[in-house]
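The entries follow the order in which I looked things up.

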Amino acid sequence: MRLYADVNFRRAIVRGLRERGLDIITAQDDHTDRLSDTALLTHITQLERAILTHDKDFLLIGQLWQEAGIYFYGIIYVADGCPIGQCIEEIELLAFAELPESLIGHIRFIPM
């Protein structure tokens, strides 16, 4: 599963996921740190990556897009209070346990 961390996603989690060999880029890597949330989700979908976010706005956008039948690659919402180690483990489990296609048009929550 290919991942994309939005601009405010915790760097410690990104580092931990990269250390475990996950394919993850950040909005800063991709120079998209100034895009609106909707434009970013569209961009990430074109890249065929699931977004990692702490931003509740993506939950609303995802729900609206689901209801409208708008295609998006997937949203993984990580609660702010989730301990870093637990977040890394659960995202890694999700990334290796699910086929990337199973996340298309869906929202997953960490902690599970």
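Which residues is Glu 90 in contact with, leaving aside its neighbours within four places in sequence? I worked from a predicted model, and there I found Ile 110, Pro 111 and Met 112 in contact with Glu 90.

**Entry: Glu 90**

I placed Glu 90 in helix α5, which spans residues 84–97. I then looked for a charged partner and found no salt bridge, although Glu 90 is buried. The nearest side chain of opposite charge is that of Arg 10, 11 Å away; a salt bridge needs the nitrogen and the carboxyl oxygen within 4 Å. What I did find is a polar contact of 2.9 Å between the side chains of Glu 90 and Gln 86.

**Entry: salt bridges**

I began with Asp 29 and Arg 18, whose closest N and O atoms are 2.5 Å apart in a salt bridge. Asp 29 belongs to helix α2 (residues 27–30) and Arg 18 to helix α1 (residues 11–19), so I recorded a link between distant parts of the chain, eleven residues apart.

I went on to Asp 23 and Arg 49, which form a salt bridge at 3.0 Å, N to O. Since Asp 23 is in strand β2 and Arg 49 is in the loop between α3 (37–46) and β3 (50–53), the pair ties together parts that are 26 residues apart in sequence. I found Asp 23 partly exposed, with 34% relative accessible area, whereas Arg 49 is buried at 7%.

I then took Glu 98 and Arg 108, a salt bridge with the closest N and O atoms 3.1 Å apart. Glu 98 sits in the loop between α5 and β5 (107–110) and Arg 108 in strand β5, so this pair joins parts ten residues apart in sequence. I have Glu 98 down as partly exposed at 21% relative accessibility, and Arg 108 as partly exposed at 22%.

**Entry: Thr 26**

Is Thr 26 buried or exposed? I read a relative accessible area of 4%, so Thr 26 counts as buried. I located Thr 26 in strand β2, residues 23–26. Not counting residues up to four places away in sequence, I listed Tyr 4, Ala 5, Arg 11, Val 14 and Arg 18 as the residues that Thr 26 touches. Arg 18 had already come up as the salt-bridge partner of Asp 29.

Conventions. Residues numbered from 1 in each chain as written. Predicted model: local features only at pLDDT ≥ 70, side-chain atom pairs only at ≥ 80, totals over all residues. Heavy atoms only, no water. Helix = DSSP H or I, 4+ residues; strand = E, 2+ residues; numbered from the N terminus. Buried < 20%, exposed > 50% of the residue type's maximum accessible area, 1.4 Å probe, protein only. Contact = heavy atoms within 4.5 Å. Lys, Arg positive; Asp, Glu negative; His and termini not counted. Polar contact = N/O pair within 3.5 Å; in protein donor to acceptor, adjacent residues only side chain to side chain.
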